[in-house]
Amino acid sequence: MFRSRLHTHLLVLAATLALVGGLLLAWPGRAGAAADPLISRGKPATASSAESSSLDAGNAFDGAATTRWASAEGKDPQWIRVDLGAAATVSRVRLNWEAAYAKAYRVEVSTDGATWTPMAQESAGNGGTDDWTGLSGKGRYLRVYGTARGTAYGYSLFEAEVYGTLDGGPPPAGAFTVVAAGDIAAQCTASDSGCAHPKTAALARQIDPKFYLTMGDNQYDDARLVDYRTYYDKTWGAFKAKTHPVPGNHETYDPAGSLVGYKGYFGSIAYPQGKSYYSFDEGNWHFIALDSNSFDQAAQIDWLKADLAANGKRCIAAYWHHPLYSSGGHGNDPVSKPVWKILYGAKADLVLNGHDHHYERFAPQDPDGKATAGGIVEVVGGMGGAEPYPIEDVQPNSQKRISGQYGVLKLEFTDSGYGWTYVGSDGQVKDTSPKYSCH
């Protein structure tokens, strides 16, 4: 009799579990984990507000359980959004709320960041973790739009995770991301609301690339070691070990001697081959870091020729401070022309510069400024934190110019090509380049 009752109880339990499981599978709102990969980690994010600079939108997409985004307190509605970097099909959104949760909110997608389509809606939230699965939405941007707070405070998320597939399938072979900027650390700190380099550093950290490039004038005004330690080190210094820097003209103004503070701060990171210029490889790319303060010295030119002759990689990128072409206040700098001729002869693909404090991209061109499909693409990226310069004299082949908006270059490299976005310090994409193939 006991065995009969036990058997009956087990049958009832099994039937109940099957029913619950069936209901979960039939309900697309919170059914279990989707199989699609996480596509939002480290992507640029922005929000309607932030309680403080340490609680910004990027914290909700950094993968750290101890950081969070928090909106301004006591205000509805509020929102947080992420730029997935490309059109995507979204199948799951997982939200890990802090104590300040949303009682009512919508999960929405958008192709352009302006028109939004709801995918999921909550009207009786109770905090904790909301795991929306079985979703079906397409867009480049995803937004959590809160309409009613669950507490008297604001909205706060430890983490927001978006799962799905980016259009085009898996990343191309050899794909990696690089963040680059020049003209970075003015003599100010995060306590000054007008200080820009803490904001560009936060964005650069959030993107979490393979490595970082700086295009000179890393520290203002005279690049003394004490200034590097006081300003640059507190922001961009957080990822110093992953940085491949070059010096600018301000690094030569150090009263202790040209490049003394620069070398004292970066050490072997800036002098990996014993000189202020060097090269390194990543994937199918050869990167060349040059010191444009000494382009008139034969030693660097001879080294460059030998380095290119020994290169076995298909794709070549070079970076230094003074641009050959620029529509900004400093304008074109002929000191770079001999180097351009050498790189052009070696079929180099990309050149990154700073010096002028704006963003600008050029169509492929030869050293004489003639547009040609086999030319070098130049990008001016001097928007890392120093006071912006206006656009003054638009140069031939200049395709896009932005002044007054701080940000970073987010470069995407593959074994056979490259492209980039210019991401503002507000987390929004300001410009997207064409996709280029290596020569």
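Helix axes here are lines fitted to C-alpha atoms over the stretch in contact, with angles taken between N-to-C directions. With that in mind, and remembering that this is a predicted model, begin by selecting helix H5 (residues 298–310) together with helix H6 (residues 337–345), whose axes lie 10 Å apart and pack at an angle of about 10°. Since angles under 35 degrees count as roughly parallel, H5 and H6 are therefore roughly parallel to each other, and their crossing is right-handed.

Next, show the side chains along this contact, where Ile301, Leu304, Lys305 and Leu308 of H5 meet Val339, Ile342 and Leu343 of H6. The residues of this contact divide into six nonpolar, no polar and one charged.

An α-helix has 3.6 residues a turn, so residues three or four places apart point the same way. Just after H6, stop at Lys347, which takes a positive phi of about 65°.

Finally, move to strand E7 (residues 137–149) and select Arg140. Is this arginine, Arg140, buried or exposed? Its relative accessibility is 16%, and Arg140 therefore counts as buried. Leaving aside neighbours within four places in sequence, Arg140 is in contact with residues including Val82, Asp83, Leu84, Ser110, Thr111, Thr421, Val429 and Thr432.

Technical notes:
Residues numbered from 1 in each chain as written. Predicted model: local features only at pLDDT ≥ 70, side-chain atom pairs only at ≥ 80, totals over all residues. Heavy atoms only, no water. Axes fitted to C-alpha atoms, helices over the stretch in contact; angles between N-to-C directions. Helix = DSSP H or I, 4+ residues; strand = E, 2+ residues; numbered from the N terminus. Parallel < 35°, antiparallel > 145°, perpendicular 65-115°, else oblique. Left-handed = near helix turned anticlockwise from the far one by under 90°. Contact = heavy atoms within 4.5 Å. Nonpolar A, V, L, I, M, F, W, Y, C, P; charged D, E, K, R; others polar. Buried < 20%, exposed > 50% of the residue type's maximum accessible area, 1.4 Å probe, protein only.
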